[in-house]
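Let's take a friendly walk through a protein model. Have the sequence and the 3D view ready as you read.

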Amino acid sequence: MPFSRLRRIRRSRLLIALAAVTATVLAVTVTLALTVTTYDHTSPRAARDKASGPVAAGAVDCRRAKCVALTFDGGPSPTTPRLLTILERDHLHATFFLQGKGHIAKYPEIVRRIANEGHEIGNHTWNHRVLTRIDATDARLELTRTQDAIERITGTKPVLMRPPEGRTNRQVAGICRELGLAQVLWSVTAKDYETTDSALITQRVLDQTHRDGIILLHDLHKGTVPAVPGIIKALRQRGYTIVTVSQLLAPAGAEAGMVYRP
């Protein structure tokens with residue numbers, strides 16, 4: 001084969017290879033642009049620092065108190081009434097991010113009790129689908145269906161939501177903004193879905209808790225509710241005031257679409 005022809009073939013192959021690499025890099029760049037954490041986010045402390053004015057009369061001022069928010073995901077469930085009794089006994093309020101299918105739909109009377117006893121209710125989607133893995137129409141339905149169910153029972157739509165697995169992106173943030181929902185992540189997880197050991201759950205919470213933190217627990221798991229009295233006692237001994245998410249943010253209000261993470 002003539003040398004000139006061989007050179008042309010090699011050059012063509014090189015150009016094809018370069019084009020393939022360029023296409024791959026472009027695809028990766030586009031994917032990253034869609035998934036990278038470019039949504040608006042802030043911490044509870046930063047939100048408070050930007051706000052002005054007093055908190056509501058008689059409410060905890062977390063600018064002065066050593067606060068931590070106590071939150072529960074995935075309920076209500078048959079174990080939730082026991083948890084509510086514990087919180088009532090200790091004169092505490094928590095934030096409950098409720099799930100639709102098999103929970104809100106199955107235990108509306110527990111949802112009503114949560115609201116009537118002064119706890120904060122948030123949205124944890126209908127089917128617990130990861131919102132970043134589905135299209136915008138399905139993600140919106142996951143949230144609106146849960147919003148509507150909670151409103152039918154309590155008369156009020158939530159202003160807070162927690163994305164399953166804590167996964168969010170710009171698309172999810174945009175949907176939340178449309179629906180008037182702020183996103184709430186966490187700083188403390190006991191991974192109570194992988195153990196029934198209440199002592200271990202307690203220790204994991206205490207090891208991770210810091211001022212202005214947000215504790216994530218799941219009241220539907222066997223070892224969690226029995227751990228709560230010990231968690232409350234130990235946190236109080238360490239000087240913490242246990243509050244809801246909205247109390248942690250005050251005097252700032254929850255901003256729709258914003259992601260709050262300690």
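**The whole protein**

This is a predicted model, in which local features need pLDDT of at least 70 and side-chain atom pairs count only at pLDDT 80 or more, while totals for chains, interfaces and linings use all residues. Residues are numbered from 1 along each chain as its sequence is written, and side-chain values use heavy atoms, with hydrogens and water left out.

The pLDDT is the predictor's confidence in each residue, from 0 to 100. Its mean for the protein is 90, and 86% of the residues reach 70 or more. Over residues 21-36, however, the pLDDT is below 50, and this stretch has 3 contacts in the model beyond near neighbours in sequence. A contact means heavy atoms within 4.5 Å.

You can look for 10 helices and 10 strands; these are DSSP runs numbered from the N terminus, helices being H or I with at least four residues and strands E with at least two. Of the 262 residues, 45% are buried. Buried means under 20% relative accessible area, exposed means over 50%, and partly exposed is in between (1.4 Å probe, protein chains only). Among contacts between residues at least 6 apart in sequence, 75% join residues at least 24 apart.

How do α8 and α9 pack? Helix α8 (residues 198-208) and helix α9 (residues 224-237) meet at an angle of about 40 degrees, and their axes are 8 Å apart. Axes here are lines fitted to C-alpha atoms over the stretch in contact, with angles from 0 to 180 degrees between N-to-C directions. The angle makes α8 oblique to α9, since under 35 degrees counts as roughly parallel, over 145 as roughly antiparallel, 65 to 115 as roughly perpendicular and the rest as oblique. On the α8 side, residues making the contact include Ile201 and Val205, and on the α9 side they include Gly230 and Ala234.

Ala46 and Leu249 are 203 residues apart in sequence, with their C-alpha atoms 8.9 Å apart in space.

Which residues does Thr146 touch, leaving aside its neighbours within four places in sequence? Thr146 is in contact with Leu98, Ile104, Asn123, His124, Thr125 and Trp126.
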